[in-house]
Amino acid sequence: DLGVYGSADGDVEFALYGKHTRRWVNSLGGEWRNELQLGGDSLVATSFYQPLDVAQRYFVEPRLAWHSSWEDVFRENDRLATYRFQDYSAELSAGMNFGRVAQLRLGYVFDRRNVDLMTGSTLLPETERNDAGILASGTYDTRDTPFNPTRGVAVALEYMRSDDALGGDSDWERAELGAGVAVPFRGDVLWVTLAGGTDLHGRLPADRTFALG
């Protein structure tokens, strides 16, 4: 996958992404999954998806990842600062598949986050922090293809709770929900999405707040 982004302010970013999956590593259909993305938003991740039964209804999946991204802070229309977020994470999840269209996961995640100011004013605190706790997610997907679907619906829900009793440096909660549907329009198809999130009446660290756009 290759993507390029440009803005009127002269910002230019690119993304080069590749994914490798080795299937049927064992008799239950284990999969070794790897991802690599280079650019303004970079990612290196590896995981091992291991079904626990022949029907592959139940599974476990350990995962290691490094993620780096650039985040801009705006006041009205003025960009005041650019930060770099780096995450070193380890995750162990267990879940259940519901046919080929739905999945539920529950697990533990440990995330070492570094926040560094690259340019501009210090609006967010620079920090090195451990976020650790419960991560739960659910997906429902009936699209006919992941890219440019002509029919179907996709829904994803994710909840994370960081807790000092589970290894985190602070306590917070965050939940996000997104949904998309393919809508035929004359001779074309529109992909319409709606997404939102909440801190569940708590206080998120400044670098975990939601971004507009």
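These legends describe close-up views of a predicted model.

**View 1. An open sheet of 11 strands.** The strands follow the order S1-S2-S3-S4-S5-S6-S7-S8-S9-S10-S11. Their pairing is antiparallel. Strand S1 (2-6) and strand S11 (188-198) stand at the edges. Each has a single partner strand, so one side of each is left without a neighbour in the sheet. From one strand to the next, the twist averages 20°.

**View 2. The pairing of strands S10 and S11.** Strand S10 covers residues 172-185. It runs antiparallel to S11, and 11 bridges join the two. Look for Gly-178: its bridge partner in S11 is Ala-195. S11 is also an edge strand of the sheet, with a single partner strand.

**View 3. Arg-186 in the loop between S10 and S11.** Arg-186 is not a glycine, yet its phi is positive, at about 55°.

**View 4. Gln-56 in the loop between strands S4 and S5.** Strand S4 spans 42-51, and strand S5 spans 58-75. Gln-56 sits in the loop that lies between them. Its phi is near 60°. That is a positive value in a residue other than glycine. Gln-56 has a relative accessible area of 22%. Buried means under 20% and exposed means over 50%, so Gln-56 is partly exposed.

Conventions. Residues numbered from 1 in each chain as written. Predicted model: local features only at pLDDT ≥ 70, side-chain atom pairs only at ≥ 80, totals over all residues. Heavy atoms only, no water. Pairing = 2+ DSSP bridges. Helix = DSSP H or I, 4+ residues; strand = E, 2+ residues; numbered from the N terminus. Axes fitted to C-alpha atoms, helices over the stretch in contact; angles between N-to-C directions. Buried < 20%, exposed > 50% of the residue type's maximum accessible area, 1.4 Å probe, protein only.
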